[in-house]
Every structure is written in C-alpha cells, then in structure tokens.
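Have a look at it alongside me.

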Amino acid sequence: LALEAHPKLIADDHELRRDGPSYTADTLRELRAKVNETLCLIMGNDAFADFTSWYRWKDILGLAHIVVTTRPGAQLPRRGAAAELLKERRVSDPQDLMLDSSGGILRCAVQPIDISATAIRADIAAGGDVAAALPEPVWRYILSRGLYLAAPSERKLSKVDDGN
C-alpha cells in the first residue's frame, strides 16, 4: 500500500516467508535469481557504519549496489572498515550504478523526516491524527482495521474510534 503511487518500487516479502534467521545476503541472492535487473540496497548512514560486520557483507556487494541515505543524528564513519569501503567503491552519479550490476556505493541525501514508526503507533494509540505522516492508502488500512489502538478503556475518542 505504501508503494501504490510508485509502480517501479516493489515490496518484497522473502524474509517474512523464510523459516529461521533471515540474512540480507540470502534475500539478495534469491532476488538476483528471479530478476535480471540492477539491485540497490538502501540503508541509512547509521546502518552503513556497521555494514562490514553484517553476515556475508562481501557477498552483498557482489549482488547489489548500496545506496546510503542520510539519517538524523547519524554520521558516516570517518575511520575504519566502512569508511575505507566507501572510499574504494563510492560513485558520485546515480547513473554510474547502471555501469555494473553490483558493488558501487552511492551517497544519497534525503530530506530527513523526524518521525518514527514507534511514534506513529503511539500517536494512533493515543487517538492522534497521523494522516499527514503516512501515505493515504496506509492510513486508510490502519483505520479500517483499527490497528495500533489502545484498549477501548484506555483510548481517547477520536475520528479513529467509531464509538463501539
């Protein structure tokens, strides 16, 4: 639902269907076997700082490009393995990612939004209106199913509460 307005993006549920631990390298390997497209793994700079500690991280670089986005309060590492990796594999133009099937690292500045899923759920439970923070189809889905609402005795009456 969140990607409804973005037909070129696909939500994938491989990891939800997998028994046992789920590793990004395994998911990318499965995707690579299904599609003949350039794959990009998008992560915040906070996650990238620990990327070289991920399970089979070198395999990930052989299966996809990495797009590192800005995250509020997090900085890219200046020293260490992740900093060296960025120095070695950084590309400056998104079009450069199309030159190879994997292995590039692109930094991508995004407009940070100071909101979290935890805060959204808490606001809904308190009877708040979070429609502006979510894609409209997602908000409709949450409302129609009464998701994240506190127990009826604990929640405030609001437009999400039908009074029943």
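My entries follow, one topic at a time.

**Ground rules.** I am working with a predicted model, where local features need pLDDT of at least 70 and side-chain atom pairs count only at pLDDT 80 or more, while totals for chains, interfaces and linings use all residues. I number residues from 1 along each chain as its sequence is written, and my side-chain values use heavy atoms, with hydrogens and water left out.

**Confidence.** I checked pLDDT, the predictor's confidence in each residue, from 0 to 100. The protein averages 86, and 91% of the residues score at least 70. I then compared the elements, taking helices (H or I, at least four residues) and strands (E, at least two) as DSSP runs, numbered from the N terminus.

**Strand β2.** Is this strand buried or exposed? I call a residue buried under 20% relative accessible area, exposed over 50% and partly exposed in between (1.4 Å probe, protein chains only). Strand β2 (residues 65–69) is largely enclosed by the rest of the structure, because 5 of its 5 residues are buried. I found His65, Val67 and Thr69 on one side, with Ile66 and Val68 on the other.

Next I looked up its partners, where two strands pair if DSSP finds at least two bridges between them. β2 runs parallel to strand β1 (residues 40–44) over 5 bridges, and Gly44 stands opposite Thr69. With strand β4 (residues 105–108), β2 also pairs in the parallel sense, over 4 bridges; here Val67 has Leu106 as its bridge partner.

**Helix α7.** Which residues of helix α7 (residues 136–145) are buried? I listed Pro137, Val138, Trp139 and Ile142. Their cover includes α6 (117–125). After α7 comes Gly146, with a positive phi near 65 degrees.

**Thr27.** I found Thr27 in helix α2 (residues 24–34), buried at a relative accessible area of 8%. Leaving out residues up to four places away in sequence, Thr27 touches Asp12, His14, Glu15, Arg18 and Ser22.

**Positive phi.** Most residues other than glycine have a negative phi, and I noted two entries here. Arg56 has a phi near 55 degrees, sits in the loop between α3 (45–48) and α4, and is partly exposed at 37%. Tyr148, in the segment after α7, has a phi near 70 degrees and is partly exposed at 40%.

Conventions
Contact = heavy atoms within 4.5 Å.
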